[in-house]
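Please have a look at the sequence and the model below, and then read through the points in order.

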Amino acid sequence: TDADVAQLIKALPTFNAALKAAKWSPIPPKENLGPVGSLVPYIDGMNVPGVDESLKTAGTDWGTMRSTLYKVFAAHAAVVVGSVTPQMIEQLNKDTSQFSERRRESFQAMKGACAKIPPGNVEIVKNHAQELQALYSIGR
């Protein structure tokens, strides 16, 4: 919801500070997990010592933050997939290299996963795009 995203934005500075204090770094996803499976180790890896306590000072907790992070990252992926132009697809399809084949497969998997994202979530993320920019450099 819009209120969930507003709470996430409010908690971002505190959350980021806790991740930095714990020297958090993203856990690389295992191969062949797919678009959703790749998100799990990334987000769940953020549950480092001190995070829940710091989030409580910002009026939330890890369970709520975790749920909102999944929804926001998924909706952001849907925004990105939705911005791919027909010309970009055409260019990708022209390249017959094995690398491009993997990119096409990844894109199709991502497109399929993103089709399941509620449109309302996508709109909320679009509406808060500027404020959510800090989320994409979290822990740095």
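1. Which residues in H4 meet which residues in H6? On the H4 side they are Ala 74, Ala 77, Ala 78 and Val 81, and on the H6 side Phe 107, Met 110, Lys 111 and Cys 114; contact means heavy atoms within 4.5 Å. Sorted by type, the residues of this contact are seven nonpolar, no polar and one charged. For that sorting, Ala, Val, Leu, Ile, Met, Phe, Trp, Tyr, Cys and Pro count as nonpolar, Asp, Glu, Lys and Arg as charged, and the others, Gly among them, as polar.

2. A word on what you are looking at. This is a predicted model, in which local features need pLDDT of at least 70 and side-chain atom pairs count only at pLDDT 80 or more, while totals for chains, interfaces and linings use all residues. Residues are numbered from 1 along each chain as its sequence is written, and side-chain values use heavy atoms, with hydrogens and water left out.

3. Now the overall picture. The chain has eight helices and zero strands, so the order of elements from the N terminus reads α-α-α-α-α-α-α-α; here helices (H or I, at least four residues) and strands (E, at least two) are DSSP runs, numbered from the N terminus. The C-alpha trace spans about 50 × 30 × 20 Å along its principal axes. Of the 140 residues in the chain, 36% are buried, where buried means under 20% relative accessible area, exposed over 50%, and partly exposed in between (1.4 Å probe, protein chains only). If you take the contacts between residues at least 6 apart in sequence, 76% of them join residues at least 24 apart.

4. Back to the helix pair from the opening question. Helix H4 covers residues 62–82 and helix H6 residues 98–114, and their axes come within 9 Å and cross at roughly 120°. The axes are lines fitted to C-alpha atoms, for helices over the stretch in contact, and angles run from 0 to 180 degrees between N-to-C directions. H4 and H6 are therefore oblique to each other: angles under 35 degrees count as roughly parallel, over 145 as roughly antiparallel, 65 to 115 as roughly perpendicular and the rest as oblique. Their crossing is left-handed, that is, the near helix is turned anticlockwise from the far one by less than a right angle (clockwise would be right-handed).

5. Leaving out residues up to four places away in sequence, Met 65 touches Leu 8, Ala 11, Phe 15, Leu 55 and Thr 60. Met 65 and Ala 11 are 54 residues apart in sequence, yet 8.7 Å apart in space from C-alpha to C-alpha. Thr 68, also placed in helix H4, is buried at 7% relative accessibility. Beyond its neighbours within four places in sequence, Thr 68 is in contact with Asp 4, Val 5 and Leu 8.

6. How many salt bridges does the structure hold? There are five, a salt bridge being a side-chain nitrogen of Lys or Arg within 4 Å of a carboxyl oxygen of Asp or Glu. One of them joins Asp 44 and Arg 66, whose closest N and O atoms are 2.6 Å apart. Asp 44 lies in helix H2 (residues 34–44) and Arg 66 in helix H4, so this pair ties together parts 22 residues apart in sequence. Asp 44 is partly exposed at 28% relative accessibility, and Arg 66 is partly exposed at 33%.

7. Two further salt bridges sit within single helices. Asp 52 and Lys 56 meet at 3.3 Å, N to O, and both lie in helix H3 (residues 51–57), four residues apart, about one turn of the helix. Asp 52 is partly exposed at 21%, whereas Lys 56 is exposed at 53%. Glu 90 pairs with Lys 94, with 3.7 Å between the closest N and O atoms; both belong to helix H5 (residues 86–94), four residues apart. Glu 90 is partly exposed at 45%, and Lys 94 is exposed at 55%.

8. Finally, a backbone detail. Lys 23 lies in the loop between helix H1 (2–21) and H2 and is exposed, at 72% relative accessibility. Its phi is near 55°, a positive value in a residue other than glycine. Most residues other than glycine have a negative phi.
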